[in-house]
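Morning, everyone. Let me put the structure up on the screen, and then I'll walk you through it.

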Amino acid sequence: MKLIYVDNAATTAMSGAVIGAMEKSMREDYGNPSSLHSMGQRSAERVRAARETIAKRLGCRSNEIYFTSGGTEADNWAIRSCAKNGEKRGKRHIISTKFEHHAVLHTLQALEKEGFEVTYIDVNENGIVKVGDVEKAIRGDTAFVTIMYANNEIGTIQPIAEIGRLCRENGVVFHTDAVQAVGHIDINVEKENIDMLSFSSHKFHGPKGIGGLYCRKGIILNNMIFGGAQERNKRAGTENVPQIIGTAAALDEACSGLEKNAAYVTALRDRLIDSILSSVPRSRLNGDRENRLPGNISFCFEGIEGESLLLMLDLKGICASSGSACTSGSLDPSHVLLALGLPHEIAHGSLRISLSENNTSQEVDFIAEILPQIVSKLREMSPVWEKIQIGEKEVNTYAIQ
Amino acid sequence: MLYSKEVMDHFTNPRNVGKLEDADGVGEVGNAKCGDIMKIYIKVDNEIISDVKFNTFGCASAIATSSMATEMIKGKPIEEALKLTNKAVVEALNGLPPAKIHCSVLAEEAVKAAVANYYSKNSIEYDKELFGCDGCCGSCKIAGE
Ligand SMILES: Cc1ncc(COP(=O)(O)O)c(C=O)c1O
């Protein structure tokens, strides 16, 4: 069976060029970048060049980029550092949103236990934060604001530049978790007034287990790991040279092809959304129709549960994801879908399809054909669906499809 | 999460799916808010469960446990059906992931609820202690983060 991979928000396939660059680096760059001999210096030079490539793509300077083990570490680092530095100035208030990734939410919850106060801003039903709400939440003792660039489940893109300007005007540090956005939409930290930004290589066809934090010069960043002088003394440990090379290669490739890929993927996305919404009754798209990542589709289907749907799709070779409770390991459905104001029963029936430029229109057509069949099959055995239909019959005189 | 071959078999090929329009007893347990609802229909002839069908809203293990539970009581005397335990369902399915054990509890309760409904409809006295959900399976408790 041919597998169709449409879980690109979870992680992406590594690009062939990236694998090539990493293999070359693994063979050649085994010298330690901290060593003074020529081999070590060659590795150091390659890390320097990689850092510069990344900085250029994000619109910052290379000494503002810190490599980390991925998005989670970058989020933890930025938030912990901002909190500690805010506290030193008597500022113990933090602003974030209800639909952040757990890398942010759980770090904030840990800080709440340490006495920090966090305002979690609501998102509107389209999954977008209102700048006015951020403005209202800012207080004299606000240490920093952390709001994601684009949501990982529903793909909605936030008004980052405006929030950045607001924070800058109020002298509040602004961090954004841009893990889903980097390499997929055009980002410029300078123009968008971003003080700190987290990214993760495996979300843009790079290697797993590496990412980074941009931290604007002038913003204090506390030491993450003590030891050697790597990452300008802030995160000790010998650099993961091949992964750094792979990150730069991946970001360069993603940004070079960004416009073309975004147009291609957006067209696939819109075709699939239109097809499913018109062929499946009582289905909905979560998050704003336009203002979303090129590859993100998030549906809810009433009357069925997401894990069953996911596994049935998997049996047909379609690899997707769901925000249902059963897939999250807790009994609650995704906090992101609940933040949109969806009732639990509807949030249980969610499905995320995240496309990349590796997907084809044939694959999308196959999903458009199979998905409605699976939804019907599950609905046929669902007592919830039966009730929905009876309810509808009472209201409507005509039967639904 | 990995499911056993047996769970996948009952999930992809559920036995006894459907409704019985002339059911002698119907039991429904769980709630949509938690993500699982099971509804079991039984037909009773001479105190024997001559036919059984189910409808389930829920994850793969909810569907598989409903399917297995209906298989295990089909053609059995009511007395025996009442002895069905969630453990027996789990064993028959060759195990369930720990987070999914509550599905087997729901299946056991759905069977009991259908029998209780049959007893009430026919004004048969029964020990209420043996039935009914006291919410102990935890599936209706919304777990906090
Ligand atoms: C929005 C967001 N933040 C953070 C992360 C964590 O990144 P990583 O897997 O690199 O730790 C992810 C992905 O898993 C994500 O989607």
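Predicted model: local features only at pLDDT ≥ 70, side-chain atom pairs only at ≥ 80, totals over all residues.

Residues are numbered from 1 along each chain as its sequence is written, chains are lettered from A and ligands numbered from 1 in the order in which they are written, and side-chain values use heavy atoms, with hydrogens and water left out.

Confidence, then. pLDDT is the predictor's own confidence in each residue, from 0 to 100. Chain A has a mean of 95, and 96% of its residues reach 70 or more.

Now helix H3 of chain A, residues 71-88. Helices here are DSSP runs of H or I, at least four residues, strands are runs of E, at least two, and both are numbered from the N terminus. The expected span is 1.5 Å times one less than the number of residues. For the 18 residues of H3(A) that gives 26 Å, and the end C-alpha atoms are 26 Å apart, so the two agree. What does its buried side pack against? Buried means under 20% relative accessible area, exposed over 50%, and partly exposed in between, with a 1.4 Å probe and protein chains only. The buried residues of H3(A), including Trp77(A), Ile79(A) and Cys82(A), pack against helix H4 (102-113) and strands E2 (65-68), E5 (142-146), E6 (173-177), E7 (196-200) and E8 (211-215) of chain A. Just after the helix, Gly90(A) has a positive phi of about 75°.

On to charges. A salt bridge is a side-chain nitrogen of Lys or Arg within 4 Å of a carboxyl oxygen of Asp or Glu, and there are 35 of them over all chains. One is Glu87(A) with Arg92(A), at 2.1 Å between the closest N and O atoms. Glu87(A) is partly exposed at 27%, and Arg92(A) is partly exposed at 28%.

Glu23(A) and Arg27(A) make another, 2.4 Å from N to O. They sit four residues apart in helix H1 (residues 16-28) of chain A, about one turn. Here Glu23(A) is partly exposed at 37%, whereas Arg27(A) is exposed at 60%.

And then Asp270(A) with Arg289(A), at 3.2 Å. That pair links distant parts of the chain, 19 residues apart: Asp270(A) is in helix H8 (residues 258-279), and Arg289(A) is in the loop between strands E9 (283-285) and E10 (296-301) of chain A.

Last stop, chain B. It has an open, antiparallel sheet of three strands, in the order E1-E2-E3, where pairing takes at least two DSSP bridges between two strands. E1 (25-31) and E3 (48-57) of chain B are at the edges with a single partner strand each, so one side of each has no neighbour in the sheet. Nine bridges join E2(B), residues 36-45, to E3(B), and among the pairs Met38(B) is partnered with Thr56(B).

That's the tour.

Note on methods: Contact = heavy atoms within 4.5 Å.
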